[in-house]
Amino acid sequence: EFCSWDAFVTIASGFNAHVYGPNNENAKELNGGFLTYDDMKQKMRDSRVYVYTGTQPASYTLNFIEAQMTGIPIVALGPRYANSMSVAGDTYEIPDIMINASSGFWSDDLAVCREYVQKLLDDANLAKLIGDRGREVAIKNFGKDTIKQIWKTSLDKYVTKT
């Protein structure tokens, strides 16, 4: 319910799609099983498209960041669709992180999301371009240097200077 599972199934239906991780037995044929961290990174690198349907009430999750960091092109739900399922209001930030048709794709229309998936599967050059741009955005937003500076700025507010 809070992972937009029905949206994922609609978008992924008919593609060679899987979900990975523990406790996905209810996913039936979509269950890809548990992967080690290294295997998960490799799976993302080897896959052609990552479908992100978010979780609520989180505005985005670590798995989105991990996928974007690997350079896999992402197709995500749009804000109207994702926020309509939110218990916490308009918290979905994917369109603020990912420029549509530049560093990823998103839509509020599930049929359009499916078209984006197919487009990326059909055009390896486009998939690489979108994935590379997404990775650049991820490094800018979530890379070590950025996060280190955010933590330093935050902690400096509370550390007594002597």
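Where is alanine 101 found? Alanine 101 sits in the loop between H5 and E5. This is a predicted model, in which local features need pLDDT of at least 70, side-chain atom pairs count only at pLDDT 80 or more, and totals for chains, interfaces and linings use all residues. Residues are numbered from 1 along each chain as its sequence is written, and side-chain values use heavy atoms, with hydrogens and water left out. Helices (H or I, at least four residues) and strands (E, at least two) are DSSP runs, numbered from the N terminus.

**Nonpolar core**

- The largest nonpolar core has 39 residues. Such a core is a set of buried Ala, Val, Leu, Ile, Met, Phe, Trp, Tyr and Cys residues joined through side-chain atoms within 4.5 Å.
- Buried means under 20% relative accessible area, exposed means over 50%, and partly exposed lies in between (1.4 Å probe, protein chains only).
- Tyr52, Phe64, Ile74, Val75 and Leu120 have the most contacts inside this core.
- The elements giving two or more residues to this core are helix H1 (5-12), strand E3 (50-52), helix H3 (62-70), strand E4 (74-77), helix H5 (94-97), helix H6 (110-122) and H7.
- H7 gives the most to this core, with six residues.
- Tyrosine 52 is in contact (heavy atoms within 4.5 Å) with Tyr60, Thr61, Asn63, Phe64, Ile74, Val75, Ala76, Leu77, Tyr92 and Ile94, leaving aside its neighbours within four places in sequence.
- Threonine 61 is in the loop between E3 and H3. At 15% relative accessibility, threonine 61 counts as buried. Threonine 61 touches Tyr52 and Thr55, not counting residues up to four places away in sequence.

**Helix packing**

- Two packed helices are described by the angle between their axes and the distance between the axes. Here axes are lines fitted to C-alpha atoms, for helices over the stretch in contact, and angles run from 0 to 180 degrees between N-to-C directions.
- Angles under 35 degrees count as roughly parallel, over 145 as roughly antiparallel, 65 to 115 as roughly perpendicular and the rest as oblique.
- Helix H7 (residues 124-142) packs against helix H8 (residues 144-156) at an angle of about 25 degrees, with the axes 5 Å apart. H7 and H8 are therefore roughly parallel to each other.
- On the H7 side, this contact is made by Ile139, Lys140, Asn141 and Phe142; on the H8 side, by Lys144, Thr146 and Ile147.
- By class, the contact of H7 with H8 has three nonpolar, two polar and two charged residues. Ala, Val, Leu, Ile, Met, Phe, Trp, Tyr, Cys and Pro count as nonpolar, Asp, Glu, Lys and Arg as charged, and the others, Gly among them, as polar.
- H6 and H7 cross at roughly 110 degrees, and their axes come within 5 Å. That makes H6 roughly perpendicular to H7.
- H6 makes this contact through Lys119, Leu120 and Asp122, and H7 through Ala124, Leu126, Ala127 and Ile130.
- The contact of H6 with H7 has five nonpolar, no polar and two charged residues.

**Glycine 131**

- Glycine 131 lies in helix H7. At 1% relative accessibility, glycine 131 counts as buried.
- Not counting residues up to four places away in sequence, glycine 131 touches Gly71, Ile72 and Pro73.
- From glycine 131 to aspartate 90, the separation is 41 residues in sequence and 26 Å in space, C-alpha to C-alpha.

**Sheet**

- Three strands form an open sheet in the order E3-E4-E5, and the pairing is parallel. Two strands pair if DSSP finds at least two bridges between them.
- E3 and strand E5 (105-107) are the edge strands, each pairing on one side only.
- Neighbouring strands of this sheet are turned by 20 degrees against each other on average, direction ignored.
- E3 and E4 pair in the parallel sense over three bridges. Isoleucine 74 in E4 is the bridge partner of tyrosine 50.

**Positive phi outside glycine**

- Asparagine 23 has a positive phi of about 65 degrees although it is not a glycine. Asparagine 23 lies in the loop between strand E1 (19-20) and strand E2 (31-33).
- At 69% relative accessibility, asparagine 23 counts as exposed.
- Asparagine 23 and phenylalanine 34 are 11 residues apart in sequence and 8.5 Å apart in space, C-alpha to C-alpha.
- Alanine 101, also not a glycine, has a positive phi of about 70 degrees. At 45% relative accessibility, alanine 101 counts as partly exposed.
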